[in-house]
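This report goes through selected features of one model. Please look at the sequence and the structure before reading on.

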Amino acid sequence: PPTCRPMSVESIETTKNKSVASSIPSAHPSSKVEGVADETEGDRETCTLVATGGESLFLLDKESASANLDIGKMHLTVMNKVNKKWSTARADVKMVSGVYRWSVHIDRCISKNIFIGVVSGDARLDNYVGCDRHGWAFLANKAIWHNKGKLGGYGELFRSGDRVSVHLDLDVGSMSFALNGKDLGVAVEGLVGPLYAAFSLY
């Protein structure tokens with residue numbers, strides 16, 4: 001079986017909108033998502049999304065993902081279909097400026113080989129986020145990666161059932177993470193948009 005089953009993007013919060021329940025990130029500070037239910041049973045996935053009208057959500061896009069990944073029918077989850085091969089999914093909305101927050105639920109992870117981060121439009125999708133100079137990511141095994149190298153140890157190990165939250169501030173160029181609500185501090189500085197949320201599985 002695949003090493004990692006669906007990873008679900010859950011929430012967004014911006015500097016102008018602090019009231020968000022659960023779902024996926026928005027490109028606009030005025031957007032609000034009220035709720036999502038995500039249930040996986042065997043090979044079937046059922047998702048129900050309830051959102052206010054007019055928002056522009058970022059989704060996981062099959063056109064911007066490795067062919068080795070299966071994107072859920074509501075574009076909220078990603079599953080690795082092969083073992084021992086890095087593959088990346090990139091969100092479909094570019095973030096140019098402002099502050100964005102989103103959360104990812106790790107439905108299943110055995111090998112600690114999950115990257116959560118951001119990429120530019122030139123990043124490779126057939127490898128992990130951070131394999132080139134176009135990506136920056138938090139690896140489950142407590143490290144930040146960029147340009148094929150580890151920038152340093154960071155944070156805490158995340159596992160199946162954990163929630164990893166991302167705080168991207170493109171006004172100051174920083175990205176930080178939280179694990180199950182615990183702030184892990186600034187992971188990367190010097191970022192410049194446009195960037196996309198991205199996720200890698202192995």
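This is a predicted model: local features need pLDDT of at least 70, side-chain atom pairs count only at pLDDT 80 or more; totals for chains, interfaces and linings use all residues.

How many bridges pair strand β11 with β12, and in which sense? The two strands pair in the antiparallel sense over four bridges, with β11 covering residues 143–146. Here strands (E, at least two residues) are DSSP runs, numbered from the N terminus, and two strands pair if DSSP finds at least two bridges between them.

Residues are numbered from 1 along each chain as its sequence is written, and side-chain values use heavy atoms, with hydrogens and water left out.

**The sheet**

Strands β11 and β12 belong to an open sheet of seven strands, in the order β4-β7-β16-β9-β10-β11-β12, with antiparallel pairing. At its edges are β4 (60–65) and β12, each of which pairs on one side only. On average, neighbouring strands of this sheet are turned by 30° against each other, direction ignored; the axes behind such angles are lines fitted to C-alpha atoms, and angles run from 0 to 180 degrees between N-to-C directions.

**The salt bridges**

Side chains of opposite charge can pair when their charged atoms come close. A salt bridge is counted when a side-chain nitrogen of Lys or Arg is within 4 Å of a carboxyl oxygen of Asp or Glu. The whole structure holds two of them.

| Salt bridge | N to O distance |
|---|---|
| Arg-124 and Asp-126 | 2.9 Å |
| Glu-156 and Lys-182 | 2.5 Å |

The pair of Glu-156 and Lys-182 links distant parts of the chain, 26 residues apart. Glu-156 sits in the loop between β12 (149–153) and β13 (163–169), whereas Lys-182 is in strand β15 (residues 182–188).

For accessibility, buried means under 20% relative accessible area, exposed over 50%, and partly exposed in between (1.4 Å probe, protein chains only). Arg-124 counts as partly exposed because its relative accessibility is 41%, and Asp-126 is partly exposed at 44%. In the other pair, Glu-156 has 30% and is partly exposed; Lys-182, at 46%, is also partly exposed.

Ala-67 is found in the loop between β4 and β5 (69–71). With 68% relative accessibility, Ala-67 counts as exposed. Ala-67 and Asn-80 are 13 residues apart in sequence, and their C-alpha atoms are 9.5 Å apart in space.
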